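Visitor: Please pick one part of this structure and go through it closely. I would like to know which residues sit together there and how they are placed.

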Amino acid sequence: TICSLLYLQEPSNKRVRPLARVTSLANLISPVRNGAVRRFGQTIQSFALRSDSKSPGCAQKSCSRSAAPTPPKRRNSVLWSEMLDVNMKESLSTKEIKRQEAIYEMSRGEQDLIEDLKLARKAYHDPMLKLSIMSEEELTHIFGDLDSYIPLHEDLLASLGEATKPDGTVEQIGPILVKWLPRLHAYKGYCSNQLAAKALLDQKKQDRRVQDFLQRCLESPFSRKLDLWSFLDIPRSRLVKYPLLLKEILRHTPKDHPDIQILEEAISIIQGVLSDINLKKGESECQYYIDKLEYLDEKQKDPRIEGSKALLCHGELKNKNGHKLYVFLFQDILVLTRPVTRNERQSYQVYRQPIPVQELLLEDLQDGDVKMGGSFRGAFGNSDKAKNIFRVRFQDPSSGQSHTLQANDVFHKQQWVNCIRTAIAPFQRTAAAAAELPELPELSEETEENNPSVPNVRAQRRQSGVTEMELDESMAECGSVLDSEETKSVKTHRTLVGHRKTREKQLSSKRKETLV
C-alpha cells in the first residue's frame, strides 16, 4: 500500500517476546528476498516499509531483555464528530461531517508528526550524542535535517487552527494548502539521503552499545513499539499520505463549494512535489549503488553505468548453478554482480560483461525448460526442474554470454520480465517495424529476429557433439519457430554472417509456413 499505518498499537495486556533478530538493510531497502524493486512511481511510497516484526532490536538473543516490555503509550484517536454536542451534530449534513472529519484528520496528523520529530531528537539523537554511543558526524548522517522540518509543519498546524471556527468547523482549507504545499520541496535532501542513512544505521546496530540503547528505547512506553528507523521514516510516510488526505476532503466537498477548484489545484501541487522528490531520490539511489560497484576487469567499465540517473529495477536472483547474483537494471545497461562484504560494508563485484539495453535479448522461459545445473529438458529427473526462470543475453553471439536467472517466486519473476521488456521495448519496435513480420509470440519473434546467431549456435553445438534431438529441444527453449526441415536448410545454406535482407525474406517465408 502507498501509506502504511503510522501508528502500530496492540492491547496493553499483550506480552511481547523479546526480539532476537534485527531488520537488515537487505530486507528493508535492497530486495534480497523480495525480488525486484521498481523505482519510478513508487520510490517514496515503498522505500522503507515498516518491518513486520514487532521490535527490530538486537541481532543476538543475549542482548534481549528478559523482562516484559512496558505497555506502549497510546495516542488519542477521538473522531471529530465525537467531540460535537448533539445539537451541533444534528445541524450538519452527513457529507459535511465527513468533510470536517477529513480536515481534522489532517490537522491531527500534523500534530502527531511534530511530536514524533521532537521525540526523535529528544529520546534518540541527544542521548546517543551525550553518551558517545555514536559520533556527531554519524548522527548527523542518520538524522539529517530532521529538526528543520518542525517549524514547517507547525506553520500548517497554526494556519489550520486560525481557520477553525469556535464551533470546530473549517470553512475553507484550499487556500491554506495551496500556499503551504510547495514548501514540502524541502524534503528532497532528506529523502535522497535515506538509503545511505539506513545503511549506516544498520551497520551501527552491530555495536553492542547501540543495540542495547535501541532495545531499551524500544521497550519504553514512548516508542509505541516503533524502532528508531520507523521514527526517521515518518516524514516520508506523511508525504505520501497528503494526496490521499486531500482527495478525501475533496470527495466530501459539495460541488458548489469554493474549495472545489482550489483543492484540485492543491492535489496537483502535491503530486508534482512528490514527483520531484522521487526523481531526486532516484538519482541518489542510483549513484549510491554505482559507487558500490567493483570491477575485476577494466573492460567491464562502461560509461553508461557511470552516466546512469535512473535505477529501473534491482534485486537478488540466482543463476542456473544456484549461485546468488545481485542484478541492477539501470536506464541504459544491465549489470550482474556478486554481493561481497568488505570491512563490514557491502559491495557488488561486477560479474562478467554488463549488457547494454539496446543489445539485450530477453527470453521468458517456462517452468521446467531448464534444469538446475544448466542442462536442457530430458537430461535429468523432474526433481531438477527450475521454476520462475528467464534468460538475458547479448544479441551478438560473439560475446558468448547468456544468463539464465531464477527469481524467488512467480510474482518477482514477472516484475523483472516486465521491467526488462519496458526497457528494451523501443529497440524491439524499431526492429519489428523494419522486418514487417507477421505477428508471432513475443519471445519467438525476439529470438529469431534480433539474434542472427541462432543457426550458428546449432553449428557450434554440432561441433561439440551435441545430438540433433538436444539441438531441437534447445531451439524450442529459445523460442524458435523453425521446424526440423527448415533447420536442416538453415544449417546447409547459411553462412556465419548472412546479409540482413536475405535473412528477413527467409524468416518471413518460414514463419508463414509454420503458421500454416
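Guide: What follows starts with the whole chain, takes up one group of helices, and ends with some strands for context.

This is a predicted model, in which local features need pLDDT of at least 70 and side-chain atom pairs count only at pLDDT 80 or more, while totals for chains, interfaces and linings use all residues. Residues are numbered from 1 along each chain as its sequence is written, and side-chain values use heavy atoms, with hydrogens and water left out.

The chain has 19 helices and 10 strands. Helices (H or I, at least four residues) and strands (E, at least two) are DSSP runs, numbered from the N terminus. Of the 516 residues, 49% are buried; that word stands for under 20% relative accessible area, with exposed for over 50% and partly exposed for what lies in between (1.4 Å probe, protein chains only). A contact is a case of heavy atoms within 4.5 Å. Among contacts in the chain with a separation of 6 or more, 72% are between residues 24 or more positions apart.

The part to look at is around helix α6, which runs over residues 150–163. This helix has 14 residues and spans 20 Å from its first C-alpha to its last, close to the 20 Å expected at 1.5 Å a residue. The expected span is 1.5 Å times one less than the number of residues. I150, L152, H153, L156 and L160 are the buried residues of α6. Their cover includes α4 (94–130), α7 and α11.

Helix α4 contributes E110 to this region. E110 is buried, with a relative accessible area of 0%. Neighbours within four places in sequence aside, the contacts of E110 are H153, L156, L157, W180, R238 and Y242.

Two names in that list, W180 and Y242, also belong together as rings. The whole structure holds 13 aromatic pairs. W180 and Y242 form an edge-to-face pair, with 5.8 Å centre to centre and 70° between the planes. W180 is in helix α7 (residues 174–180) and Y242 in helix α11 (residues 228–251), so this pair ties together parts that are 62 residues apart in sequence.

Another aromatic pair is formed by Y289 and F328, which is tilted, with 5.2 Å centre to centre and 50° between the planes. Y289 lies in helix α12 (residues 259–290) and F328 in strand β4 (residues 324–330), 39 residues apart. The rule for these pairs is that rings of Phe, Tyr and Trp (its six-membered ring) have centres within 6.5 Å; planes under 30 degrees apart count as stacked, over 60 as edge-to-face and the rest as tilted. Y289 and F328 are also members of a cluster linked by ring pairs, along with Y288, Y326, F330 and Y348.

Back among the helices, Y190 is found in α8 (residues 188–192). Y190 counts as buried at 7% relative accessibility. Beyond four places in sequence, Y190 is in contact with F143, D145, L146, Y149, L232 and P235. Of these, L146 is 44 residues from Y190 in sequence and 7.9 Å away in space, C-alpha to C-alpha.

F143 leads on to the nonpolar core. In soluble globular proteins, nonpolar side chains tend to be buried together. A nonpolar core here is a set of buried Ala, Val, Leu, Ile, Met, Phe, Trp, Tyr and Cys residues joined through side-chain atoms within 4.5 Å. The largest has 61 residues, and Y124, F143 and L184 touch the most other members. Residues touched by Y124, not counting those up to four places away in sequence, include F143, F213, L214 and F231. A second, separate core has 23 residues, among them C313, L317, V392 and I424.

The strands give some context. In β3 (residues 311–319), 7 of the 9 residues are buried. Strands β3 and β4 run antiparallel and are joined by 7 bridges; two strands pair if DSSP finds at least two bridges between them. The two form a hairpin with 4 residues between them, and G322 in the turn has a positive phi of about 85°. On β10 (residues 402–406), β3 pairs in the antiparallel sense over 2 bridges. K318 stands opposite K324 in β4 and also opposite Q406 in β10.
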